[in-house]
Amino acid sequence: MARPREFEPDEAIEKAMQVFWRHGYEESSLPDLLSGMGLTRGSLYKAFKDKKNLFLLVMNRYEAAQVDAAVTLLNNKEIADGRDRVLQMFKGLVAAVEAGDHRGCLLCTAAAGSAANDPDIAKIVHEGLTKMQAAFLQALQDAPDLSALSKQKRSQLANTLLTQYIGLRMLARSQLPLGVLEQAVQGVQDILEGAAR
């Protein structure tokens with residue numbers, strides 16, 4: 001008779017997510033993961049096979065929790081003007097840093113690291129960033145001041161916002177003064193206002 005598993009896999013993945021989120025994929029060592037998850041080496045390998053497979057599970061969890069929350073905000077029709085949704089999201093990122101969260105975005109960190117050279121990891125990163133780009137595009141389509149923009153211009157603006165998002169999330173990890181992030185949000189507001197003219 002097989003022994004029952006001594007830990008809850010979902011809880012272990014959540015703990016692994018915190019380790020990867022703090023350190024990134026490459027810098028998260030096996031001892032970091034074992035300590036953070038409260039597992040033995042044998043338990044980790046038996047349940048999750050290897051570090052990469054664990055990271056793929058973590059990335060799926062992160063996307064479902066964090067990326068989808070941003071997408072939900074950007075698609076929230078209760079905030080009538082899509083520009084307000086975009087600015088609320090960016091201001092929320094700065095508020096998180098102000099509250100002490102310097103982890104940035106696990107998806108962006110994975111995109112910037114050598115882990116993105118792995119086809120399986122690259123696929124998840126691409127899917128997450130594509131979701132964000134589509135959500136920015138939807139918010140722009142719901143912005144009355146931007147209704148005169150061509151489809152191509154709106155797409156370019158959505159790509160610019162995605163780039164700003166990735167940059168701001170990476171800056172959050174850098175421990176730069178908060179004013180730098182606040183100026184970045186002001187820059188996003190200026191971009192949106194400029195596009196509306």
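Setting aside residues up to four places away in sequence, Val-67 touches Tyr-62, Leu-107, Gly-128, Lys-131 and Met-132, where contact means heavy atoms within 4.5 Å. The model is a predicted one, in which local features need pLDDT of at least 70 and side-chain atom pairs count only at pLDDT 80 or more, while totals for chains, interfaces and linings use all residues. Residues are numbered from 1 along each chain as its sequence is written, and side-chain values use heavy atoms, with hydrogens and water left out.

Val-67 lies in helix H4; helices (H or I, at least four residues) and strands (E, at least two) are DSSP runs, numbered from the N terminus. Val-67 has a relative accessible area of 3% and is therefore buried (buried is under 20% relative accessible area, exposed over 50%, partly exposed in between, with a 1.4 Å probe and protein chains only). Val-67 and Gly-128 are 61 residues apart along the chain, and their C-alpha atoms are separated by 6.8 Å.

The largest nonpolar core has 65 residues, and Phe-90, Met-132 and Phe-136 have the most contacts inside it. Such a core is a set of buried Ala, Val, Leu, Ile, Met, Phe, Trp, Tyr and Cys residues joined through side-chain atoms within 4.5 Å. Helix H4 gives the most to this core, with eleven residues. Apart from neighbours within four places in sequence, Phe-136 is in contact with Leu-74, Val-86, Met-89, Phe-90, Ala-158, Leu-161, Leu-162 and Tyr-165.

Seven aromatic pairs are present in the structure. Rings of Phe, Tyr and Trp (its six-membered ring) pair if their centres lie within 6.5 Å; planes under 30 degrees apart count as stacked, over 60 as edge-to-face and the rest as tilted. Phe-20 and Tyr-25 form a stacked pair, at 6.0 Å centre to centre and with 25° between the planes. Both Phe-20 and Tyr-25 are buried. The ring centres of Trp-21 and Tyr-62 are 5.1 Å apart and the planes stand at 85°, so this pair is edge-to-face. The pair links distant parts of the chain, with Trp-21 in helix H1 (residues 9-23) and Tyr-62 in helix H4 (residues 51-74), 41 residues apart. Trp-21 counts as buried at 3% relative accessibility, and Tyr-62 counts as buried at 1%.

Ring pairs also link Phe-20, Tyr-25 and Phe-55 into a cluster. Lys-51 lies over the face of Tyr-25, at 4.8 Å from the ring centre, and Arg-103 lies over the face of Trp-21, at 3.5 Å from the ring centre. A charge sits over a ring if NZ of Lys or CZ of Arg is within 6 Å of the ring centre and within 35 degrees of the ring normal.
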